[in-house]
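Let us walk through this structure together, one step at a time. Keep the picture open beside the text as you read.

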Amino acid sequence: MKELDLNIHLRRREVEGVKMQKIKESALVVFSGGQDSTTCLVWALKKFESVSAITFNYKQRHKIEIDCAKNIIDLLSSKKNIQIAWLKDNAQINHIIVDMSFLSNILQTAMIQDLNIEYDDETNLPTTFVPGRNILFLTIAAAYAYQKKIRHIITGVCQTDYSGYPDCRDATIKSLQATLKLGLEYDIIIHTPLMWKNKAETIKMMQKLGGLELYKYTHTCYKGERPACGECPACELRLKGYKEVGLIDPLEYKHR
Ligand SMILES: [Zn+2]
């Protein structure tokens, strides 16, 4: 067991290092169509031999992001309207969309219902928190990966700008990875390339990967508006990142 853990540790360092070789294995990206997961998708395409993407439809208010997700997959697969020099032609990204709409029957959250975005006095969490979301999505992603003999899962969760969501924390992901390894008896590795980055650093990472123009097609706005509202916490955080890095967000906004 000790030897196995050490090997995993070494592989992690290889994958998350800056100058790394392509990993000749498949990866599955949890892909929402937002800025962070799009960065993860491009990162995965650069690092892994073949890439699949999994998108969850949980009747999110900003369900427009599912259309964005489909469009980004099309753009990357066809290399249409994007110029990423290293991206091979016909990248062939297998994309599956999983219906999780039952969540809207059991959860009351500003991500699904038309509720005000504010902080809960008791939990100190914003009303956009969807309890269990990442735990559930990563578990389903792992089940799918297991069936397809994929060992690498990539998620764009981030502890730096995480709005206090406890399921975005590094400890949650490490613990979930341990549980999935045990429960599936399978060597699943959950990669979190954005865990310790703020929005500005994520944008810089995408710039290095050559995929900045893809951000034009991503969705971030909590209100599900397009052009984006520019005023909700998600839009504000995104715009702040661009300001810090000194770049103009290619996304259309109503106000910025
Ligand atoms: Zn917005």
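This is a predicted model: local features need pLDDT of at least 70, side-chain atom pairs count only at pLDDT 80 or more; totals for chains, interfaces and linings use all residues.

The crossing of α2 and α7 is left-handed. On the α2 side, the contact is made by Asp36, Thr39, Val42, Trp43 and Lys46, while α7 brings Thr202, Met205, Met206 and Leu209. Sorted by class, the residues of this contact between α2 and α7 are five nonpolar, two polar and two charged.

Now turn to a second pair of helices. Helix α5 covers residues 133-147 and helix α6 covers residues 170-184; their axes come within 11 Å and cross at roughly 40°. Because of that angle, α5 counts as oblique to α6. Here the crossing is right-handed. Which residues of α5 meet α6? They are Ile135, Leu138, Thr139, Ala142 and Tyr146, and their counterparts in α6 are Leu176, Leu180 and Leu184. Seven of the residues in the contact of α5 with α6 are nonpolar, one is polar and none is charged.

Next comes the sheet. Five strands form an open sheet in the order β3-β2-β1-β4-β5, and their pairing is parallel. At the edges sit β3, residues 94-99, and β5, residues 189-191, each of which pairs on one side only. On average, neighbouring strands of this sheet are turned by 25° against each other, direction ignored.

For a look at one pairing in detail, follow strand β4, residues 152-154, which runs parallel to β5 and is joined to it by three bridges. One example to find in the picture is Ile153, whose bridge partner in β5 is Ile190.

Finally, see how helices and sheet come together. Helix α3, residues 64-78, lies across β2 (48-57) and β3, and runs at about 160° to β2.

Terms used. Residues are numbered from 1 along each chain as its sequence is written. Axes are lines fitted to C-alpha atoms, for helices over the stretch in contact, and angles run from 0 to 180 degrees between N-to-C directions. Helices (H or I, at least four residues) and strands (E, at least two) are DSSP runs, numbered from the N terminus. Angles under 35 degrees count as roughly parallel, over 145 as roughly antiparallel, 65 to 115 as roughly perpendicular and the rest as oblique. A crossing is left-handed if the near helix is turned anticlockwise from the far one by less than a right angle, and right-handed if clockwise. Two residues are in contact if their C-beta atoms, placed from the backbone, lie within 7 Å. Ala, Val, Leu, Ile, Met, Phe, Trp, Tyr, Cys and Pro count as nonpolar, Asp, Glu, Lys and Arg as charged, and the others, Gly among them, as polar. Two strands pair if DSSP finds at least two bridges between them.
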